[in-house]
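Open the model in your viewer and get ready to select residues by number.

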Amino acid sequence: MAVGLGIVLVASACGVGGREQAASIEEMRAMTLKVPQTSSGSPTDMNVMMYGQFAKEVSEGTDGKIDFEFYWNSTLVPVAEHLTAIASGVADLGMAVLSYTPEELPIGNWLAQAGSLQNPSYPAGPMQGTWGMVDTHMSNDVLAKEWADKGVKFFNAWSPSAGYDLLCADPISDVSDVRGRRVTSPGPLWTAELKALGMVPTDVAFAERYEALQRGVVDCTVSVPQTWTEYSFWDVAKYVVPGILSPGLIQAIVMDADLWDSLPVEAQQVMHDAAWTITMANLALTATETYNRFATEGPAQHGIVFVDPTSFDNVLARQQETTRTKMLENVPAGLEDPQALLDEFTKSMDEGLAAAEAAGAPPIARDADAVQRSWAEPVDPDVWKAYGEALKTKVYDAHRPR
């Protein structure tokens, strides 16, 4: 998560016990699910806090029958192997980056190309993207089949950012200043966008990007505020163009279908409700631990400069429209009506933005000062409450196991 990429949390039934559905929580077998994590496991790590809330709610709601063991800092398996490890029973729950598995999840990856439908404002954008992803994946039969074909059941997702930022070491003021500059890219979708800006995407492993910026091997990199703060990128690169690139709308929580089916309905309800809890925790912690911190401590203590994004927006709007148009020309196998899926996702995204606005989080102006203020100002708790209640009532409750 720290790199802002799309993530899937999945569970394997291996080693958990029988596949027959228990009649009640009282009758179900106790289980401890192994969860590999890429984060450090520090008590102040937002993933520790977020997954801690999730685990506590599930454990308490099932009278201790479902517990969790977290393996921090990739001590169980590296993130690129999570999906394989889960499928083989090495792990029970885990994060799988969808962009690492395009052949296994072609339709989900295809839909992620429409992430630019999300508004780049904060916090309206993540609210919108979260709504769109959860609603579409819970409602669409084609996506449900793709998950089921991999032996998992989808039940949650979230948008981790307002959009990917561009962070550069040397001064820039508009899009003309980045032409010809070398930049790292998180994946093919963003590589195309960076090329549209006239930049030169350069392949550098994430672990080497800090040093690459420091030594001038690359001029810029792409990620989200959590990366800038957690990995100290703000010490070597000072110029941020906020939220100009498509967000990574491919984060989800799914469970092994056999494991899910083995749970009594009341335990499924606990898990489903806890999915909403972790989503809201993610949105709130992302605000306080990353966006607020980066926009306040960044300029004051690290010399961060917010660059006006409008000239970049103008170029990328054309590229992103081209990407969405080409989606209909490059349709993965098994998707018979791509326009219908894209329309469904667009409708859900529109509903999500409307819900954000109704909660008190409208889109904001795209000048540097306005963006910095919106990142720096704490989100009113009443805004989170109103949005969360709408998301729960109109999306989660509509799909609650019965």
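A salt bridge here is a side-chain nitrogen of Lys or Arg within 4 Å of a carboxyl oxygen of Asp or Glu. Buried means under 20% relative accessible area, exposed over 50%, and partly exposed in between (1.4 Å probe, protein chains only). For charge, Lys and Arg count as positive and Asp and Glu as negative; His and the chain ends are not counted. This is a predicted model: local features need pLDDT of at least 70, side-chain atom pairs count only at pLDDT 80 or more, and totals for chains, interfaces and linings use all residues. Residues are numbered from 1 along each chain as its sequence is written, and side-chain values use heavy atoms, leaving out hydrogens and water.

**Stop 1: a buried charge.** Select Arg181. It sits in the loop between β6 (164-168) and β7 (182-183). Helices (H or I, at least four residues) and strands (E, at least two) are DSSP runs, numbered from the N terminus. Arg181 is buried but has no salt bridge. Which side chain of opposite charge is nearest? Asp170, 4.8 Å away. Now show the contacts (heavy atoms within 4.5 Å). Beyond neighbours within four places in sequence, Arg181 touches residues including Cys168, Met199 and Asp219.

**Stop 2: paired strands.** Select residues 31-36 and 66-71. These are β2 and β3, paired in the parallel sense over 6 bridges; pairing takes at least two DSSP bridges. Leu33 has Phe68 in β3 as its bridge partner. From β2, the chain crosses through helix α1 (residues 46-61) to β3, a right-handed β-α-β crossover. Right-handed means that, with the strands pointing away from you, the path from the first strand over the helix to the second runs clockwise.

**Stop 3: the cores.** A nonpolar core is a set of buried Ala, Val, Leu, Ile, Met, Phe, Trp, Tyr and Cys residues joined through side-chain atoms within 4.5 Å. The largest has 95 residues; Ile66, Phe68, Phe306 and Tyr387 have the most contacts inside it. Helix α10 (residues 265-302) gives the largest share, 13 residues. A second, separate core of 23 residues includes Leu166 and Trp190.

**Stop 4: salt bridges.** The structure holds 10. Select Lys145 and Asp149. Their closest N and O atoms are 2.9 Å apart. Both lie in helix α5 (residues 141-149), 4 residues apart, about one turn. Lys145 is exposed at 51%, and Asp149 is exposed at 52%. Finish with Lys347 and Glu351, a salt bridge at 2.7 Å in helix α12 (residues 338-359).
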